[in-house]
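Colleague: I am new to this structure and would like to go through it with you, one question at a time. Could you show it first?

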Amino acid sequence: MRSVFVPWSVALGESERLLDDLSRYTKVDGIELLDFSSQIEKASYGSAQRPASRVLPSSKRLGLDLPIVKREDFKAAQKFMSDATSRGFKITCNFVPLWLGTEKLRESSLVDVTDRHLEGPGDFPVYGCPNDPDMRRYGEFMMREFVKSWPDMEIMALNHLEYPHILLWAYPAVDLESMFVCFCKSCEDAALEHGLDLERMKNEAKLLLATMGRGAPAGRKGAPPAVNADDVVNFFLRRPRLAEWLNFRMRSMSDYARSLIKAGREVAREYNPKLRFGMEFQLPSLSPLLGTDFLDLSFDLDLMIPKFPDYLPGSVAPLFAQEVAARSGLDKDALLRMIREAFDLGPGPKEYSPYLPYGELRHILLYSNAFDHSIVARQIKYLKSMVGKVPIQPYIWESNNDKESLRKKIEALASAGFDDFFLWSWEEGITTDHLRALKGIL
Ligand SMILES: [Zn+2]
């Protein structure tokens, strides 16, 4: 299956046109829809006009605040899915249970090393903690309701079961502290049950941040200190509590994921027995650091969806390098090369070209040529133990209508043995003109 992401504005506003174009110009036979209606579909990560709303018919039996779309919009969504299915398209639900469009559950948000409650992107005031009991109830409720009320869905794809890196949403600010989560009361309790002292782990995290901040005096001249991947590994080896803490995060996220998958499978037996449960996860080399134990979870799932996003080499890595360099006095370019090496992003370009922005996409991608197509081949080794055991369908992006880069990505996937993929390309990527231009590529 080749699946494209379709924003609700297009699904509900131009459904006939879209389905005609996809059939006429492409080999696409899958459509991915978000489980919510949100401004982030238009890459808008600024302050919210209104809360993001779930595409569900009702939230009554939950007993917690859960904004949902208008009744007529829900009906229209169901009709679109049914029309698309009858024309041979397979529907995937991109389900993001940890982002909540309600102000009323702020206490359930992740708490970072500076004791802040974290927000999700744009119109999601909450980025929930997987150990929070309300979050679990919320997630299981939504999972059951989606399985029941999206009968045409073929794949339920859990997404963003990870701790955040808020480097894009906060742009141009870079918020390193937000990467050190979660230290909430529920996490404290869960850690105790495993015999772990979260407070000591928090101190290690603070120490790590302080070490980064012990930078060279401003204006220091001379050769930049050399940094390589071994330095980073050694850093963690000397701080075993950080490794323990990273494991605790993974375990917390896996427990949460399993509770949702279990809830979904129970309901699917009655409502949608053919439904497959999948998971979209961050770049394989990076996922464990963000709390996603995709290898372990693959035993519970029917489809694994590793992401190969342009924004990782194109924005996140450069912003991270820039911030760490500013705090530590290390050389920015050396750091970026080291990060690319440590996470197997491929060496990247000699010169980074600034992205030619349109609209608000500038918040997503800083450089247009940072994606190294060798990344697919490099990442396969992290997936190896899953290969042949569970279907794997990678996720790629098309940015700035760059069809040549898309062609190379699809070729790279094909040579790694992946003919099926998911594609994210915003509205600009699924206009008639652009789909026509992609004939023979997509
Ligand atoms: Zn927590």
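Colleague: At roughly what angle do the axes of helix α4 and helix α8 cross?

Modeller: A word on the basis comes first: this is a predicted model, in which local features need pLDDT of at least 70 and side-chain atom pairs count only at pLDDT 80 or more, while totals for chains, interfaces and linings use all residues. Residues are numbered from 1 along each chain as its sequence is written. Helices are DSSP runs of H or I with at least four residues, strands are runs of E with at least two, and both are numbered from the N terminus; axes are lines fitted to C-alpha atoms, for helices over the stretch in contact, with angles from 0 to 180 degrees between N-to-C directions. The axes of α4 (residues 133-149) and α8 (residues 240-271) come within 9 Å, and they cross at roughly 30 degrees.

Colleague: How are α4 and α8 therefore oriented to each other?

Modeller: Angles under 35 degrees count as roughly parallel, over 145 as roughly antiparallel, 65 to 115 as roughly perpendicular and the rest as oblique. With their crossing at roughly 30 degrees, α4 and α8 are therefore roughly parallel.

Colleague: How many nonpolar, polar and charged residues are in the contact of α4 with α8?

Modeller: Contact here means C-beta atoms, placed from the backbone, within 7 Å, and among the residues of α4 that meet α8 are Met-143 and Val-147, while those on the α8 side include Leu-260 and Val-267. Ala, Val, Leu, Ile, Met, Phe, Trp, Tyr, Cys and Pro count as nonpolar, Asp, Glu, Lys and Arg as charged, and the others, Gly among them, as polar. The contact of α4 with α8 divides into 8 nonpolar, 3 polar and 4 charged residues.

Colleague: What is the orientation of α10 to α11?

Modeller: The axes of α10 (residues 311-328) and α11 (residues 332-342) come within 8 Å and cross at roughly 130 degrees. That angle makes the orientation of α10 to α11 oblique.

Colleague: Why do the buried residues of α2 line one face of the helix, and within what arc do they fall?

Modeller: A residue is buried if 20 or more other C-beta atoms lie within 10 Å of its own, exposed if 12 or fewer, and partly exposed in between, with C-beta atoms placed from the backbone. In α2 (residues 15-25), Leu-18, Leu-19, Asp-21 and Leu-22 are buried, whereas Glu-16 and Arg-24 on the other side are exposed. The arc is that of the directions from the helix axis to the C-beta atoms, and the buried residues of α2 line one face because, seen down the axis, they fall within an arc of 160 degrees.

Colleague: Which helices do the buried residues of α2 pack against?

Modeller: The buried residues in question include Leu-18 and Leu-22. The helices that they pack against are α1 (8-13), α3 (71-86) and α14 (432-437).

Colleague: Is Phe-299 buried or exposed?

Modeller: Phe-299 is found in the loop between α9 (294-297) and β10 (303-308). Because Phe-299 has 10 C-beta neighbours inside 10 Å, it counts as exposed.

Terms used. Two residues are in contact if their C-beta atoms, placed from the backbone, lie within 7 Å.
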